[in-house]
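Subject: Structure for you to look at

Hello,

Here is the structure I said I would pass on. Please have it open while you read the notes below.

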Amino acid sequence: MAALTQSQIDQLVMQLKRDYQTLLSEVREELQNSGNQHRIDILNREPGDSGDESLATSLVDLNLTTLDRHVQAIRDIEATFRRIENDEYGVCIDCGDNIAFNRLQAYPTAKRCIVCQEKREKQYAREGH
């Protein structure tokens with residue numbers, strides 16, 4: 001395992017579990033409310049116009065984007081749990097150095113140390129991603 005103490009790992013695991021449960025709750029709630037009620041309400045208003053339909057479509061798109069972001073965050077947490085099980089947590093996937101504890105506290109699913117993450121972001125910014 002990385003230079004993290006067992007106490008630090010336990011603290012991060014608890015944070016990950018809380019985040020995971022929160023995300024699951026939010027996804028469940030979003031799916032339960034995904035009957036497109038906002039869209040139905042807007043479309044049922046009289047008189048309706050193409051602007052109302054556009055707004056309704058935008059609201060549905062926003063809900064799908066939020067849901068997608070939550071699902072991706074759940075996947076990131078699950079991948080982090082696998083890294084913990086494989087004694088790979090806290091080690092940068094690019095350079096192999098330890099990821100600082102304070103970085104993991106702020107971003108517990110981090111796969112890269114701050115130096116490699118900054119390089120990656122600069123590279124992708126140049127490439128237009």
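What pattern does the protein chain follow, read along the sequence? The pattern is α-α-α-α-α. The chain has five helices and zero strands; helices (H or I, at least four residues) and strands (E, at least two) are DSSP runs, numbered from the N terminus.

Two notes on how to read the values. This is a predicted model, in which local features need pLDDT of at least 70 and side-chain atom pairs count only at pLDDT 80 or more, while totals for chains, interfaces and linings use all residues. Residues are numbered from 1 along each chain as its sequence is written, and side-chain values use heavy atoms, with hydrogens and water left out.

Burial
Of the 129 residues in the protein chain, 29% count as buried. Buried means under 20% relative accessible area, exposed over 50%, and partly exposed in between (1.4 Å probe, protein chains only).

Helix α1
Helix α1 covers residues 6–32. Its 27 residues, at 1.5 Å each, should span 39 Å, and its end C-alpha atoms are 39 Å apart, so the two agree. The expected span is 1.5 Å times one less than the number of residues. Buried residues of α1 include Ile9, Leu12, Gln15 and Leu16. Gln15 counts as buried because its relative accessibility is 19%. Setting aside residues up to four places away in sequence, Gln15 touches Gln105 and Pro108 (contact means heavy atoms within 4.5 Å).

The core
The largest nonpolar core has 21 residues, and Leu4, Leu12, Ile74, Tyr89 and Leu104 have the most contacts inside it. Such a core is a set of buried Ala, Val, Leu, Ile, Met, Phe, Trp, Tyr and Cys residues joined through side-chain atoms within 4.5 Å. Helices α1, α3 (50–85) and α4 (101–106) each supply at least two residues of this core, and α1 gives the most, with eight. Beyond its neighbours within four places in sequence, Leu12 is in contact with Leu4, Tyr89, Phe101, Leu104 and Gln105.

The salt bridge
How many salt bridges does a search of the whole structure find? There is one, between the side chains of Asp94 and Arg112 (2.8 Å, N to O). Asp94 lies in the loop between α3 and α4 and Arg112 in the loop between α4 and α5 (114–127), so the pair ties together parts 18 residues apart in sequence. The term means a side-chain nitrogen of Lys or Arg within 4 Å of a carboxyl oxygen of Asp or Glu. Asp94 is partly exposed at 46% relative accessibility, whereas Arg112 is buried at 10%.

Regards
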